[in-house]
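Let's take a walk through this protein together.

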Amino acid sequence: MTDLVPEQSGGHSWTLDLDPSTTRVLVNGFQSWSEAELQPLSAAQARPTFVWMQEHGHDPAFLPSGEAGVWRSHTLIALVRPGGGGYVGHSLDESRSYAHWEARAEGSQVRLSLRVEGPDIPLVFTETDDVISTLEQLSAQLGRTMSARTPSPLRVWCSWYSYYRAVTLPQMLENARLSREKALPFDVFQLDDGFQADLGDWTLPAEHFGGHARDLPAGLSELGYRAGIWLAPFLAGPDSELFRAHPDWMLKGEDGRPLPIGNNWGGPYYGLDTTHPEVLNWLKELAREVVGWGYSYLKLDFLFAGALPGVRHDPSRTRAEAYRMGLAALREGAGEETFLLLCGAPLASSIGVADAMRTGPDVSPIWDDDARRVWLHDATGPAARNALHTALSRWYQHAWYQPDPDVMIAREVQSMLSAAERHALLGLLDVIGGLRASSDPVSSLDEEGLTLLRRALELSTPDRPITLETSFGAAVTHFGRGTF
Ligand code: 9PG
């Protein structure tokens with residue numbers, strides 16, 4: 001193995017003895033929703049056509065190239081020969097600097113390059129007969145260096161994939177009551193996006209919600225469930241009280257003005273500057289307040305906002321450091337006992353803070369959004385296929401946190417999944433392991449649906465691919481074991 005310690009902001013490159021026409025490359029995207037996959041090196045890595053798609057799935061400072069034979073990857077990369085040997089490059093610390101890898105087919109050779117964004121970090125680059133084992137060993141090493149948390153996985157009911165932003169307090173309680181009646185083994189009932197007046201105004205209720213989020217935990221606790229809640233703590237909406245009161249707290253552009261960093265919720269949104277001491281204090285107090293309401297499970301979403309390029313209060317901080325400062329403030333306010341599920345989050349730079357991590361894009365009640373995936377080159381959109389494809393390709397990340405492959409959809413109503421697709425979703429979630437979740441309104445499930453859901457709530461250990469000959473090796477093995 002070659003241990004690498006590049007010079008400040010330095011780079012490395014190697015010409016490798018690999019045949020580009022038979023080599024496959026395993027890449028890892030920037031954050032939860034970005035694609036991770038094992039593909040022929042000669043293919044093209046998808047680069048989404050529209051900027052609004054790039055904004056929600058990729059690092060703007062290191063976008064996929066879109067060119068055939070050029071693959072970009074965050075933190076680690078593996079180049080695989082037929083037979084399973086090859087090369088692995090791996091960062092061993094992502095708390096200060098990001099490691100950006102690029103593999104490029106050049107004639108009959110492969111050129112690998114590494115750029116480190118920030119100060120020195122330990123890195124390894126090695127040739128191996130067994131890429132899977134080496135990748136697992138190095139990922140486990142990174143997990144240890146960054147003190148990965150390894151809590152028990154939880155079974156979660158989440159409001160998003162059925163009620164979306166129209167969720168109400170009575171619906172939450174009704175689902176919890178019905179779950180108890182049917183003896184569904186959930187640990188947590190988690191309220192998702194929709195309860196709040198605006199992005200950033202987390203303590204003000206939305207009118208339609210029919211109450212205040214602080215009133216929910218007591219009712220859930222009476223039914224024997226823990227309470228969970230969604231926050232996008234690094235975001236602010238342009239009409240929010242937060243944005244109006246503190247425009248100076250936002251990540252800024254070169255012109256010194258708050259930088260719009262994405263579009264969702266019917267307009268642009270802004271990101272907090274997590275190097276600003278007042279922001280850090282506000283984040284800490286927010287987490288403390290919400291935990292004080294009785295929530296012991298926080299789903300912290302759109303966290304990539306803390307790691308984007310931009311002008312910050314403390315310009316000496318790297319993106320990775322700024323992100324970690326924001327996370328640390330949230331953890332401090334939430335306390336060590338609170339379970340933190342991170343989502344839309346930079347992956348390796350969350351290790352040590354995250355209890356669980358969404359390791360793929362959203363499931364949705366369709367199998368494949370092929371128009372968006374194939375024609376617009378975006379496989380980060382909500383669809384069961386996209387969620388499974390990416391979460392499976394991150395199997396080794398179980399050494400970093402509990403993986404969250406997102407929800408099972410067992411209902412037949414308000415879903416375009418066929419019975420076969422529901423069963424495939426169930427089987428692949430079982431292979432991925434980690435958290436178990438559902439969003440189905442309990443009243444929408446008939447006996448068959450309830451049986452499927454009960455099976456989906458059985459915890460499992462992440463499977464290890466037996467071979468890299470197929471990227472779905474683990475799944476194929478699993479189907480072969482006769483789970484269905
Ligand atoms: C709430 C949801 C749910 C869901 C999260 C996240 O614009 N986008 O590209 C986009 C991507 C993902 C997304 C929402 C918007 O979903 O993953 O579970 O919590 O937010 O808004």
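We'll go from the sheet to a pair of helices and then to the ligand.

Keep in mind that this is a predicted model. Start with the open sheet of eight strands, which pair in parallel and run in the order β22-β21-β20-β19-β15-β12-β11-β23. At the edges you'll find β22 (402-404) and β23 (436-438); each has a single partner strand, so one side of each is left without a neighbour in the sheet. Going from one strand to the next, the twist averages 25°.

Now zoom in on β19 (residues 295-300) and β20 (residues 339-342), a parallel pair joined over four bridges. Here L300 sits opposite L342 of β20. Helix α7 (residues 277-292) packs on this sheet, where it touches β15 (226-231) and β19, and its direction makes about 135° with that of β19.

Next, look at helices α10 (residues 384-392) and α11 (residues 419-432), whose axes are 10 Å apart and meet at an angle of about 20°. That angle is why α10 counts as roughly parallel to α11. The crossing of α10 past α11 is left-handed. On the α10 side, A384, L388, A391 and L392 make the contact, and α11 answers with E421, L425, L428 and I432. By class, that comes to seven nonpolar residues, no polar ones and one charged.

Finally, which residues surround the ligand? They are W33, H56, W160, D192, D193, W230, N264, D301, C343, G344 and D362. Sorted by class, this shell has four nonpolar, three polar and four charged residues.

Note on methods
Residues numbered from 1 in each chain as written. Predicted model: local features only at pLDDT ≥ 70, side-chain atom pairs only at ≥ 80, totals over all residues. Near = placed C-beta within 6 Å. Nonpolar A, V, L, I, M, F, W, Y, C, P; charged D, E, K, R; others polar. Axes fitted to C-alpha atoms, helices over the stretch in contact; angles between N-to-C directions. Helix = DSSP H or I, 4+ residues; strand = E, 2+ residues; numbered from the N terminus. Parallel < 35°, antiparallel > 145°, perpendicular 65-115°, else oblique. Left-handed = near helix turned anticlockwise from the far one by under 90°. Contact = placed C-beta atoms within 7 Å. Pairing = 2+ DSSP bridges.
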